[in-house]
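Dear colleague,

I am handing over the structure we spoke about, and I would be glad if you could look through it before reading my notes. The sequence and the structure come first, and my notes follow.

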Amino acid sequence: MQTVDHEDDWAPSLLPPGGVVLRMEPLTGGMANAAWRVTLDDGRTVVIKGGRNNPDGFFDHEVESLRALRDIGGLPTPEIIHVGPRSLVMTALNPEIPDSPRFWEAAAHAVAALHDHTSSRYGWHRDGTLGRLVQENAWDDDGHRFFAERRVLRYLGEPNVEEAFEAADRAAVEALCGRLPELVPAAPAALTHGDLWRSNIIAGLDDSPVFIDPAVSYTWPEVDVSMLFCTGGVPDVFFEAYYELRPSVGDWRERMDLLNLRELLCVVAHFGAVGDYVPRIRAIVKRFS
């Protein structure tokens, strides 16, 4: 499923002037860009993200998102060193997160505090990106309509989704979106990370959680929670700590698959009918219809 180019020969050109590369190590996990951990001769260790085919300004929204998470939401994020036309350079932290309840409790507290920052409208002042596709963020006063139109239905017209699903499948998704007010409790628009899975949580030098690779908007906070829950690798202690601070309306586990439909459709939109994503989407639509 990896589409990025991990050749090392062009990575040094993405660095700002002034640093001599002593060591480069490719990093894994990114869907849209290659990334490297780079040791410079001045003692700094940085992470470079970039892609040969990125349009100019590709990383502008990511930088704005990182700053919004930190400055508005109080979420720890890496220091931004340089933003180039097709690259982003940040301080390198520890990708090997501590496997301890204390770490995950701290992560839950940080995410819950982020979600305490609310808006009267759903969306963001500009569209962003999720992977290599546009994340549509046009403002809306209705959370169910916003999630339906901007987070689910927007993928149905993508070529890979049209090829993977029959017309009846797409019609079933549309019908399901019409039932969202019955299935998902209304919730205020909260500042969200937007691409929150385990690989986008790393550790600071003091082993505290730090958050990377966001796709920020104001939407239902459980969109973040559902991605952490459904993509795996996050222990129960995170969810226990989160819902202790932000009590659930009803059984939150029952709606996680439904809220994660956005992520599953996004993967199909990028890569087509890979893995078990198409049958999983069909099963979710059938379950909630």
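Predicted model: local features only at pLDDT ≥ 70, side-chain atom pairs only at ≥ 80, totals over all residues.

I begin with the helix pair. Two packed helices are described by the angle between their axes and the distance between the axes. In this model the axes of helix α2, which covers residues 101-115, and helix α8, which covers residues 236-245, come within 8 Å and cross at roughly 35 degrees, and the crossing of α2 and α8 is right-handed. On the α2 side the residues that take part are Pro 101, Trp 104, Glu 105, Ala 107, Ala 108, His 109, Val 111, Ala 112 and His 115, and they meet Val 237, Phe 238, Ala 241, Tyr 242 and Leu 245 of α8. Sorted by class, the contact of α2 with α8 has eleven nonpolar residues, two polar and one charged.

The salt bridges come next. Side chains of opposite charge can pair when their charged atoms come close, and with a cut-off of 4 Å between nitrogen and oxygen the count comes to 13 salt bridges. Among them is the one between Arg 150 and Glu 136, whose closest N and O atoms are 3.4 Å apart. Arg 150 lies in helix α3 (residues 143-152) and Glu 136 in the loop between β8 (133-135) and α3, so this pair ties together parts that are 14 residues apart in sequence. Arg 150 is partly exposed, with a relative accessible area of 26%, and Glu 136 is also partly exposed, with a value of 22%.

A salt bridge also joins Glu 222 and Arg 255, with the closest N and O atoms 2.5 Å apart. This pair links distant parts of the chain, since Glu 222 is in helix α7 (residues 222-231) and Arg 255 is in the loop between α8 and α9 (256-259), 33 residues apart. Glu 222 is buried, with a relative accessible area of 13%, and Arg 255 counts as buried at 7% relative accessibility.

The side chains of Asp 257 and Arg 287 meet in a further salt bridge, at 3.3 Å from N to O. Here too distant parts of the chain are linked, with Asp 257 in helix α9 and Arg 287 in helix α11 (residues 277-288), 30 residues apart. Asp 257 is partly exposed at 32% relative accessible area, and Arg 287 is partly exposed at 42%. Finally on this topic, Lys 49, Glu 62 and Asp 213 are linked in a network of salt bridges.

As for the cysteines, the structure holds zero disulfides. The sulfur of Cys 177 has its closest cysteine sulfur in Cys 266, 15 Å away, which is too far for a bond; Cys 177 counts as buried, at 9% relative accessibility. For Cys 230 the closest cysteine sulfur is again in Cys 266, at 15 Å, too far for a bond.

Asn 260 counts as buried, at 4% relative accessibility. Leaving aside residues up to four places away in sequence, Asn 260 touches Ser 226, Met 227 and Cys 230. The C-alpha atoms of Asn 260 and Asp 224 are separated by 8.9 Å, while the two residues are 36 residues apart along the chain.

Technical notes
Residues numbered from 1 in each chain as written. Heavy atoms only, no water. Axes fitted to C-alpha atoms, helices over the stretch in contact; angles between N-to-C directions. Helix = DSSP H or I, 4+ residues; strand = E, 2+ residues; numbered from the N terminus. Left-handed = near helix turned anticlockwise from the far one by under 90°. Contact = heavy atoms within 4.5 Å. Nonpolar A, V, L, I, M, F, W, Y, C, P; charged D, E, K, R; others polar. Buried < 20%, exposed > 50% of the residue type's maximum accessible area, 1.4 Å probe, protein only. Disulfide = S-S within 2.5 Å.
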